[in-house]
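Visitor: Could you take a close look at one part of this structure for me, and show me how that part sits in the whole? I would like the cut-offs spelled out along the way, please.

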Amino acid sequence: MAPGRSYTFTHLLSIFGGEAFGHPPQNRTVRFLLTDSRQLAAPDQTLFFALKTAKNDGHRYIPELLGKGVCLFVVEQVDPAWTSRYPDAGFIRVPYPLKAIQRLAAFHRSGFALPVIGITGSNGKTIVKEWLVQLLGSDHSIVRSPKSFNSQIGVPLSVWQINEASQLGIFEAGISEPGEMQHLHGIIRPTTGIFTNIGSAHDGGFTDRRQKIREKMRLFTEVETLVCCADHREIIQEIPPGLPVFSWGHSPSANIRVLSSKKEAGSTRVSLQYGEQRFGVHIPFTDEASVENAMHCISMLLLIKLSPEEIAARVETLQPVAMRLELKQGLNNCIIINDSYNSDLNSLSIALDFLISHSPGGKRSLILSDILQSGMPAPELYARVADLLRSKSIDRLIGIGPEISSCREVFAGQPSAKAEAPAISASFYPDTDSFLKDFDFSSFKDEAILLKGARVFGFERIGMLMQQKDHQTILEINLDALVHNLNVFRSMLQPEVRTMGMVKAFSYGSGSLEVARLLQYHQVDCLAVAYADEGKELRNGGIALPIVVMNPEVSSFDVLQKYRLEPEIYSLELLKRLAGSLEGKGVLPVHLKIDSGMHRLGFLPHQVPQLLELLKSEKTLQVSSVFSHFAASGEADHDSFTREQLQRFLEVCTELEQGLGQPFTRHICNSAAVSRFPEAHLDMVRLGIGLYGVSPEAGLQQLLRNVSTFRSVVSQVKAIPQGQTVGYSRAWKAAHDMEVAIVPVGYADGLSRRLGNGQGRLLVGGHTCQIVGNISMDSCAVDVTGLGVKPGDEVEVFGPNHPVADFAREMDTIPYEVLTSVSQRVKRVYFQE
């Protein structure tokens, strides 16, 4: 995140008041703040804050950043090796780097007198912010929070963007416990506030709802006016005396009275009274949340003196806010990342980081429209875009729009401030129609492509053309949820304990390569697959992490060596045959499987002397790890057996370590054991189904987020008279007149036939509906009698509202089987909020 102003090392030291180490050049200035080492863009202009959290420590990444050219750091401790090896680097040591970044952002904010709208509440913050940008963007150069940057870290990074061209700031603030908002208030310093609503989010961090409201209200202690809904009595009652309020609602006390509200075709007609004026607006949405969000925006427009007529005209043009980046499979082995969230420099940087995380080592292309309403002169704006693309190693740019086309020379290798900037492969088109007409789409092959366009350019047409055939039945993979689950498990581990991500069985149905790329980006230590060909696919997809093959086959030994895959060894015979295949071909790391009581694959304890004898005689095998598998770590009834397994395993490890005379990594914990048996964490844990949001332990399940959602839509609804039958073999007879919905999901998609004839349930339009008749290969029927269901209504097979564990119980199985049974013909759609 970069502002228009720059700060020197000496200036920063005066702001932080910390202790300085090193001797950076006095003319070195900071324009970018960095808290995530993976998002580095301009090393020579970056200040890195080494933040410590329960899950990570930013100091771990300082040597890597020094090697990449970053030379300014805010830290808690300084390693003498850093200053001796990099004497030109500068370190400011402070007690709390988080407070330092907040102090810097507050100082930066104090240098600008622009009006700022601060938004808080339980829901709707981001939508209200983005709609205000849609409604006011033509009048003001607006600086705003990227996406949902509303946390203790996100707010400083957002406010840091303010520059001399900024005419209006719109920032959102979220808190999860008392004391947080006072820090955010000092950074945002809003002149006007919006309190959207209050709900149950983060209730657990507060003693009661009143305390949460009072804490959120701290954002508005110095505003000129607070906008809120007069019907939210909980909020109204906690407004401090003397704070000016501009409210809307049905209440007679509201400044803007809602006289009536009527839903029409795709919109809501609202009649309002403001003072002596009565007027109406068409809000182009029908759900209550959107109407409430729109009313907050309407109130703000009235507050800044727009006429009712102008407000009505603008509100009618409101567009939905896409809250996530989506990743889909494209033609010619491409992946398509669609980000229609917004179009500005900062959101472009975030989207490019997502592109990089899903294309390690591969070709990367960007299709970019004009960036509208940036507040910057076009040559300066696109020069910054060009620098950003170079720093992110983007291979090809396709620019669409008259403004970016007029600045094509900045992408052609013009000199930058520091050196001759390399040319970017680029082509330009005046509009989307010209691109669709003239571009050769067959030139896209084996690459990752980011679509980043302002709404008026209609990039959805490009996406539809480039992606593989769209299907109504999809499996959505929430990548944010997967990362959240990874961090839940990491928070239970000591810093030195490593993590192995299990991506076998198509990553439990989620897609091996995409999940592996995400886990690599978030720095798990190694991955595990079932078979060598799965590891080969990961290597071809750019995965550089160690990959363990759990079921190596003799026929795959050459693949193991060629693709640097590390086999599990579970028998003396397998070890002998592998060693024989390696003669004269170097050393291969192996992982020894011990049978501590599971009685599946693995060496039994009495076989250890023979194993040691063989290992000592073979110089081609290097023992990387020794591991075992708990049989029932998630079941309390078997805890004594689990502890016996652990003890047996540790005894074998001791024997092997003494016999080999060398250390190795020990691991036995699966997902269920991580939370229940901390003494078994040892050197590494294996994270499998827990990553995907499933745990047999109720307490842990509450901490995890749903990752996979199996969706479809209703194809047809038909009336079935009493006595008629539904489906093959006439297995279901209607006991009364009924309505059934046909859903295009069948056993070929992974919907087990065991769920037919009333055994299973699907959610149709939010209603739990019984499956009737036998499930067919490509479809099933559900009872929707009296629910008003129509074709096109959404169906959830399993997901956040119909958990996969409940779905598994209906078919008398376990979540593992459900997730791995979703066939590969079901399209996977990956998204990040």
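Guide: Gladly! Contact here means heavy atoms within 4.5 Å. By that rule, residues 24 or more positions apart account for 66% of the contacts in the chain with a separation of 6 or more. This is a predicted model, in which local features need pLDDT of at least 70 and side-chain atom pairs count only at pLDDT 80 or more, while totals for chains, interfaces and linings use all residues. Residues are numbered from 1 along each chain as its sequence is written, and side-chain values use heavy atoms, with hydrogens and water left out.

The C-alpha trace spans about 95 × 90 × 60 Å along its principal axes. For 833 residues, a compact globule would have a radius of gyration near 28 Å, and the 29 Å of the chain agrees with that. The radius is taken over C-alpha atoms, and the globule rule is 2.2 Å times the number of residues to the power 0.38.

Of the 833 residues, 56% count as buried, a label for under 20% relative accessible area, with exposed for over 50% and partly exposed in between (1.4 Å probe, protein chains only).

Now to the part I would pick: the loop between β36 (738–743) and β37 (761–764), where Gly758 has its place. Gly758 has 17% relative accessibility and therefore counts as buried. Beyond its neighbours within four places in sequence, Gly758 is in contact with Trp732, Gln770 and Ile771. The C-alpha atoms of Gly758 and Cys769, eleven residues apart along the chain, are separated by 9.3 Å. Asn757 lies in the loop between β36 and β37 as well. Asn757 is not a glycine, yet has a positive phi of about 55°. At 30% relative accessibility, Asn757 counts as partly exposed.

Asp446 sits in the loop between α15 (432–438) and β22 (447–452), and its 43% relative accessibility makes it partly exposed.

Another loop, between β26 (547–549) and α21 (557–562), holds Pro552. With 5% relative accessibility, Pro552 counts as buried. Leaving aside neighbours within four places in sequence, Pro552 is in contact with Leu560, Pro567, Glu568, Tyr570 and Leu574.

After α19 comes Gln523, whose phi is positive, near 60°.

Finally, the interior. A nonpolar core is a set of buried Ala, Val, Leu, Ile, Met, Phe, Trp, Tyr and Cys residues joined through side-chain atoms within 4.5 Å. The largest has 143 residues, and those with the most contacts inside it are Tyr382, Phe411, Leu592, Leu656 and Phe798. A second, separate core of 39 residues includes Leu132, Leu168, Ile194 and Ala294. In soluble globular proteins, nonpolar side chains tend to be buried together. Among the residues that Leu592 touches, beyond those up to four places away in sequence, are Ile569, Phe603, Phe627 and Leu656.

Methods:
Helix = DSSP H or I, 4+ residues; strand = E, 2+ residues; numbered from the N terminus.
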